[in-house]
Amino acid sequence: MNIFLYLDEDTWFHRLDPRTKIIGVVLLFGVALVFNHPLYMAGIALGLVLLAAAAKALPNFWRMRYILILLVVFSTVLWPFFAEGPTVLWSWGPLEVSRESLMYAIAMGLRLASFVAAGLIFLSTTTNEEFTHGLIRLKLPYPVAFAFSTALRLVPTFAGAGATIVQAQISRGLDVESGNIFQRAGKFIPLAVPLFIYAVRHTNMLAMALESKGFNPGAKRTWYLNPQMRRADYLVLALLTALFLGALFLRLRGYGAVLPRL
Amino acid sequence: MGVAISIQDLSFTYAYAETSRPALRHINGEVEEGTFVVMMGHEGAGKSTLCYALNALVPRFFRGEYTGRVVVHGQEVGKARVAEMSRRVGLVLQDFEAQLFSTSVELEVAFGPENLCLPRDEIERRIDRYLRFVGLAEMRRREPASLSGGQKQRLAIASVLALEPPVLVMDEPTTDLDPIGREEVLTVADTLRQEQRTLLIVDHDPETGVDADQIWLMRDGEIVAQGPPRRVLTDLPLLESCGVQPPSTVALFQALGWPGQPLTVEEAIAAIQEHGLAQPRPLQVPTASTDGRPVILEVCDVDFVYPTRAVKALSGVNLEIREGEFIAIVGQNGSGKTTLAKHLNGLLKPTRGEVLFRGRPVREIRRTEIARCVGYVFQNPDHQIFAGTVREEVGFSLKMAGMDAKTIEERVAEALEVVGLSGYEEEVPFTLTKGERQRVAVASVLAAQPQVIILDEPTTGLDYRHQRSMMEMLRALHRRGHTVIIITHSMWVAAEYAERVVVMKDGRILLDGPARAAFAQEETLAEAALRPPPLLRLGNWLGTSGLTLDDVVEELRAR
Amino acid sequence: MKAAFTMWKNTRMIILVAVCAAIYAAALIAFKTAIPLIPGITEVRVANIFPMVFSLLFGPAAAWGSAIGNLIGDIFGGTLGLGSIFGFVGNFLLGYLPYAMWTTLKPIADGERELALGNWRAWVLYILLALISSAACGVVIAMWLEVLGLVPYPVLVTIITVNDTFGSLIGGLLLLAVYGVVRRQLRLVWWDVMEPEDIGKPAAGVLGAWLVVIGALAGWILGAYILSGQALIVGVITTVLILLGAVLM
């Protein structure tokens, strides 16, 4: 089962230092956060799609299409009732929808999609070990990074065990698909208990294997991976910083907003 | 040559153990540098504890009462931390799934050297060297989760070797592997020996011990025999008392009173020729036919493709299973054994073709109903055990089927009696031994009283004694009229217990026939990278048609 | 709160973080669409049976494990974004509050770490903590997503609170099934795994626990039903209360 999103391509985006990618994605999040006008947000979303094409990450966008669409629809439908704007289009009791709140809602849908898109580009171009190592280089303490990467490694193992457990219980007559919500939730116990025990039994074994290989949480150690910041990395970071500051400047001058809120 | 390991009067009792019985009692031993020691013994004999005592996991990680002295390459283990010992002793564990924790193969190997604070180019050198050593150089960037069992275990070995310890200890490194994986790991062990590294391996298979410099035989926390294989492996009563499978060639020669103690088939053949003990004859396979019995399960031209994979897991499989048969399905991992078996109770639905139960398509039978027709015991009992008591666990499928409390009670008692666990109703399943949990799993499937019972690897992870009793139990089930189908890697289990053997390779049935006839076809089996057990390899040469030691002995006596 | 930091010295605790995170993430991914609540919008997060169980067994490892597990769920789900930051904090609380409040929420709590699961009083506390920790998680996450303008506060805080409470209550059955094994057989409950000197004493445990109770309930009920027009302000103030309370324990 392949649940990882990494796509093994060789683009300039893949070759960036993981630190650049992490900081870069945060800056892109920042840019998406600045505006709340649907046209501006559409521009940002389009830019991200182009970036994804350059990073050959579009297959993952296709894979995630339902989630992306749902996020946009969910946000667009809900927000008009919670944001208030001056030009009321429709009202019913305390509920009202204004032109501005409608536009704000569309912008928020696009913002949510932009976040996911930026995240997807990052995940499509960064291996798990680059991600972890980038975090270490950004001063995340080693034991935390270690727990994170070990968890990444264990997810497919436990998911596989989970699938086997489901089959084992189904072949003993467990029927997970009938009953009301409460009955169904109760049926997860025969699935959750074996998964839990199976996983927790791992703990002692893993700890033994680790210590046998000289692991010591607090001690100094060296690293095999050795990413280098190159000129392209600095260039990308400078560009994205400029983009973010530029966007901030525009917004402060009053552009790109339908409502006076984030 | 110097002394690599010296153990003096070592005793150890685990703190918090269920019993206060010592895990190790007065162990003494000495291992010279560059020698190869194989440790054998029953489950709970103390083999693993002894392994842990060599790299300070005992007494640092596992606390307890520790007396005596262990010295490895001049370092007293009892006074060192585990991390310090990692430079001297490498430890490989049985469970390959639980000892890999990196997201890529090369980082797994880099982990140890990184902890030693080695410079980057030295780490690079070690990754290169040891991945090549275990034959995984091509896999550097792969996810460890995507490797096969044998590859994972070899990766675990490489990751330990990268610390360049002079002593390597492997605790049952091949137990969970298929025959190819086992071969791969043993080949690595062989290369290590040639490099003059000190090697200690725990293993159940007497064939591994044949080349050892020393065998340590353990029983109830003590070493009961220590010496060259030719001495230890020929003492059959002692082996039996330690729950270790004796080499069948030795057993055969002793039973017939023939001269010599051959440890391998080749030695046995040489001895027979030298002393003129018997004349090889062409093999006559008796044709015991089961054709008269009604067909219970029928697989008709089935293809199966897993949704996430492109290759066919099954292709064009045809199989007829008759009521009351005892069938063993053998083959490597990935050959389609389990996929085929899961079609028999409808867990998987064929991509093409049809599976019939008494002439009815399995896909049309409801889940709760099929559980009462075709029972399926998964390989790892821990994948299904969830309940607080054995009673609840075994009665689960009956409760799901909506039976009343009284019937459930009766059926549970009956199923527990069959698996030999009467009186265990109120026990907590999690606290039982692996062998007992395996039985609980079997009982929980039996309780539904299915006509057909399928077991995936029923003997894996059990010691010889427990393997025997598990298989005797299945034989008893078979005698009561159940159709029994097992998936197994263990050739002697298939040979001794099954009536019919189905060999699978690459999603196809390569060979299907009565057990003796199937094991006579050594060349076809070799295509699936399988070999008959030693007794039948010798039998193929001698032309004996028996499947068990007793049968072969009787036949040769009659000649 | 000391134990949440000193635990990083302990190999077994570090691995428990990874194991908790991996189970949680695996369940998040596997059961993503198992039982839709409002089809297409949100589902019963079946995975949420785990964090509270982790918490009472593995203490601080559960806090970090739930936080990291949720993050990995976001990563695999493809929904990694700025929202993940407070998803991390909220799920940290989900794994942190139950064990921290189990001993400090006096007089309902009796101060014992041992879970006396045969005792009705333990279950009263369990149910209360299920609600409080879920509401605290909901308040923190909903506040942040409102700030970012992603999802309106009143909708999300209720969904998360109800959802996680429900999950934690089902989790009670899981806890009952596994407690004995983890406690006596595997010996992995956190107060056995950690050295006593690393566990430390809370700065002002009882005060902290009640601050969390007030913050969580006020944040949910006021923000969602009474002052939903001022949801952002309610969210921010109650988040501060909850985080302050958490640090004091």
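No salt bridges turn up between chain C and chain A: the count is zero. This is a predicted model, and what it does show between these two chains is three residue pairs in polar contact, with both partners at pLDDT 80 or more. On the chain C side, the residues that touch chain A split into 49 nonpolar, eight polar and three charged.

The contact itself involves 60 residues of chain C and 60 residues of chain A. Putting the two chains together buries about 5,300 Å², and carbon and sulfur atoms account for 85% of that area. Three residues stand out here: I15(C), F76(C) and L150(C) together provide 12% of what chain C buries against chain A, more than any other three residues.

Where along chain C do the residues that touch chain A come from? The biggest giver is α2(C), which puts 14 residues into the side of chain C that touches chain A.

As for chain A, its domain assignment lists two domains. Domain 1 is made of two stretches, 18-126 and 230-252, while domain 2 covers 140-212. Taken over C-alpha atoms, the centres of domain 1 and domain 2 of chain A are 35 Å apart.

Note on methods:
Residues are numbered from 1 along each chain as its sequence is written. Chains are lettered from A and ligands numbered from 1 in the order in which they are written. This is a predicted model: local features need pLDDT of at least 70, side-chain atom pairs count only at pLDDT 80 or more; totals for chains, interfaces and linings use all residues. Side-chain values use heavy atoms; hydrogens and water are left out. Contact means heavy atoms within 4.5 Å. Buried area is the accessible area (1.4 Å probe) that two parts lose on being put together, summed over both. A salt bridge is a side-chain nitrogen of Lys or Arg within 4 Å of a carboxyl oxygen of Asp or Glu. A polar contact is a pair of N or O atoms within 3.5 Å; within protein, one must be able to donate a hydrogen and the other to accept it, and residues adjacent in sequence count only if both atoms are side-chain atoms. Helices (H or I, at least four residues) and strands (E, at least two) are DSSP runs, numbered from the N terminus. Ala, Val, Leu, Ile, Met, Phe, Trp, Tyr, Cys and Pro count as nonpolar, Asp, Glu, Lys and Arg as charged, and the others, Gly among them, as polar. Domain bounds come from an automatic or database domain assignment.
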